[in-house]
Amino acid sequence: MTATATAPADTLATEGATLSSLLREGTRQVHREAETMGFIETLMSGGFGDRGKAAYADLAAQQLAIYGALEAASARIAATPEGAAAEIVFDELERTPQIEQDLEFLFGAEWAEKVTVLPATAQYVARLDAIDTLPQYAAHAYTRYLGDLSGGQVIRTMLQRHYGFGEEGVSFYRFDRIEKPKVFKDLYRERLDALRFDDEGRAAVVAEAQEAFRLNQALFAELGDIHL
Ligand code: HEM
């Protein structure tokens with residue numbers, strides 16, 4: 001959450017640094033940009049007022065498409081020997097069932113006929129559908145799941161505070177099977193750091209994570225165009 005400038009992935013001093021620290025440093029700037037975008041800031045500050053639930057519902061609808069694709073990639077990667085050995089696919093992270101529950105609450109029983117996928121989401125999904133290597137997967141899973149376990153927890157609190165949510169509608173942000181997010185995030189980083197990528201491979205993971213952040217930014221920009 002600090003604002004220091006971020007080096008592009010190809011200029012990062014990868015030698016000797018852990019993958020998790022490279023990811024954190026390499027995405028610091030894009031993270032800052034993502035969390036200060038109009039749609040997110042307005043959502044977080046309560047600025048949408050009466051329109052908050054609708055704006056959030058639209059975000060949740062996009063998340064269904066995104067996590068559907070990410071979790072299909074989790075299954076593809078876990079089915080490879082390299083992916084299974086890496087142990088970075090965790091059942092307790094799975095979000096698709098929670099998003100479906102949230103959508104039912106937000107849109108009603110006929111939610112599946114009401115949700116639409118935005119062009120920026122379709123682009124993000126296309127990138128996720130193309131994942132067929134562990135480095136690509138690690139980048140995208142890191143970006144979403146560690147984010148959900150970090151800033152996502154703040155977002156849930158803000159949604160509850162400003163738009164009258166209780167527990168329903170925001171279960172996406174609740175990880176019932178993870179008792180302590182900090183402990184889990186540390187474990188996740190350990191698993192990332194144990195991956196046997198060379199310097200070039202690690203720089204490729206950081207570059208793909210930066211791309212993942214940009215895809216999220218493009219989505220927030222589009223949601224901003226619609227809801228702000
Ligand atoms: C309201 C918006 C956001 C807030 C308030 C926020 C806040 C935070 C905070 C406080 C952390 C540090 C947690 C820690 O040290 O354990 C964090 C980490 C992280 N966030 Fe966000 N975030 C936001 C948006 C996002 C977005 C849009 C993404 C990506 C899609 C994202 C991805 C991440 C990732 C990957 C980390 C882990 C960094 C690391 O330790 O390697 N965040 N966020």
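## Ligand site and aromatic pairs

The iron atom of the ligand has H31 (NE2) as its only protein donor, at 2.1 Å. This residue, H31, is found in helix 2. The model is a predicted one.

### Surroundings of the ligand

The ligand is surrounded by 17 residues, and the closest of these are R24, H31, Y142, K185 and R189. Sorted by class, the shell around the ligand consists of seven nonpolar, six polar and four charged residues.

The largest pocket is the space that the ligand takes. Two or more residues of the shell around the ligand come from each of the following elements: helix 2 (28–35), helix 3 (38–45), helix 9 (134–148), helix 10 (151–163), helix 11 (181–194) and helix 12 (199–227). Helix 2, which gives two or more residues to the shell, is also where the iron donor H31 is found.

### Aromatic pairs

A pair of aromatic rings is described by the distance of the centres and the angle of the planes. The count of aromatic pairs comes to nine. One of the aromatic pairs is formed by Y56 and Y173; this pair is tilted, with 6.4 Å from centre to centre and 35 degrees between the planes. Because Y56 lies in helix 4 (residues 52–78) and Y173 in the loop between helix 10 and helix 11, the pair ties together parts that are 117 residues apart in sequence.

Conventions. Residues numbered from 1 in each chain as written. Predicted model: local features only at pLDDT ≥ 70, side-chain atom pairs only at ≥ 80, totals over all residues. Heavy atoms only, no water. Near = heavy atom within 4 Å. 1 Å grid on protein atoms, 1.4 Å probe; cavity = no way out; pocket = protein on both sides within 12 Å on 5 of 7 lines; lining within 4 Å. Sits in = over half its atoms within 2 Å of the grid points. Helix = DSSP H or I, 4+ residues; strand = E, 2+ residues; numbered from the N terminus. Nonpolar A, V, L, I, M, F, W, Y, C, P; charged D, E, K, R; others polar. Donors = N, O, S within 2.8 Å, 3.2 Å for Na, K, Ca; no water. Phe/Tyr/Trp six-rings, centres within 6.5 Å; stacked < 30°, edge-to-face > 60°.
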